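I opened this entry to record what I looked up, item by item. The sequence and the model come before my notes.

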Amino acid sequence: MDWFHVSLFFHLLGVGMIFTLLFAGPIIEANFRWENDIRMKQHAAKMLRSVGLLSPFGALVLILSGIGNMIFLNINIGDLFGADAWLGIKLFFFIILLGIGMVVSPKTARQRAMLLDQMNQVNPPEDASDKLEALNSKQTVFFVLNWVLVVIIVLITLFKP
Ligand code: HEM
């Protein structure tokens, strides 16, 4: 086993972390939706956020090992726009994935946590359940988008168009 394989090993480990999230996210979300009790919903929302912590670590492992792969394969930044444009396209989709996973989706999760806090009070806001529905729909869009982006990234890596 040479250093390139060590780097590939960590890369695949990172891929595994991302797939764990892709499966666990919707399962915990389903529990969240099925629960009627606000406290139980809060508990599921908290679990979803803690599992989401895998994403920055997964991203870090993927970036570092991805750079490692590039070094061992002699791919430099210029190649991303020429000979190895597949990797350039892959990074483009990866950056969108990062944006959703680390900025947009956590923001929705925070808004949902705040709303649940309000719903748990004696006088919850009247439009609370409509707001919750809207945030839930947003979350569904993110789950679908994450899957689509990761599948695109894997296909690009395999077929190197
Ligand atoms: C969600 C994000 C990512 C996924 C799902 C992913 C997936 C994969 C997979 C499955 C392989 C193994 C291919 C093989 O063994 O033939 C691979 C290889 C590779 N990845 Fe990634 N990757 C991701 C992010 C990145 C990033 C951020 C970089 C660069 C910084 C990168 C650069 C590379 C390189 C250079 C290879 C080696 C390609 C080759 O063997 O020819 N990847 N990736």
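The entries below go from the whole chain to single residues.

**Basis.** I worked from a predicted model, in which local features need pLDDT of at least 70, side-chain atom pairs count only at pLDDT 80 or more, and totals for chains, interfaces and linings use all residues. I number residues from 1 along each chain as its sequence is written.

**Overall fold.** I take helices (H or I, at least four residues) and strands (E, at least two) as DSSP runs, numbered from the N terminus. Along the sequence I read the pattern α-α-α-α-α. The radius of gyration of the protein chain is 19 Å, well over the 15 Å that the globule rule gives for 161 residues, so I recorded the chain as more spread out than a compact globule. The radius is taken over C-alpha atoms, and the rule is 2.2 Å times the number of residues to the power 0.38. Along its principal axes, the C-alpha trace spans about 65 × 30 × 20 Å.

A residue is buried if 20 or more other C-beta atoms lie within 10 Å of its own, exposed if 12 or fewer, and partly exposed in between, with C-beta atoms placed from the backbone. Of the contacts with a separation of 6 or more, 74% join residues 24 or more positions apart. Two residues are in contact if their C-beta atoms, placed from the backbone, lie within 7 Å.

**Helix α4.** I checked the length of α4 (residues 85–119): at 1.5 Å a residue its 35 residues should span 51 Å, and its end C-alpha atoms are 49 Å apart, which agrees. The expected span is 1.5 Å times one less than the number of residues. I also noted a bend of about 35° at Ile100 in α4, that is, the angle between axes fitted to the seven residues ending there and the seven starting there. Among the buried residues of α4 I listed Leu87, Phe94, Gly101 and Leu116. The buried residues of α4 pack against α2 (38–52), α3 (54–72) and α5 (128–159).

**Ligand shell.** Which residues come nearest to the ligand? Of the 20 around it, I noted Val15, Leu62, Gly66, Asn69 and Thr157; near means a C-beta atom, placed from the backbone, within 6 Å. α1 (3–34), α3, α4 and α5 each supply at least two residues of the shell, and α3 gives the most, with six. I counted 16 nonpolar, four polar and no charged residues in the shell. Ala, Val, Leu, Ile, Met, Phe, Trp, Tyr, Cys and Pro count as nonpolar, Asp, Glu, Lys and Arg as charged, and the others, Gly among them, as polar.

**Phe32.** I located Phe32 in helix α1. Phe32 is buried, because 21 other C-beta atoms lie within 10 Å. Leaving aside neighbours within four places in sequence, I found Phe32 in contact with Lys41, Ala44, Ala45 and Leu48.

**Positive phi.** I noted a positive phi of about 55° at Asn74, although Asn74 is not a glycine. Asn74 sits in the loop between α3 and α4 and counts as exposed, with 8 C-beta neighbours inside 10 Å. Lys160, also not a glycine, has a positive phi of about 40°. I placed Lys160 in the segment after α5; with 12 C-beta neighbours inside 10 Å, Lys160 counts as exposed.
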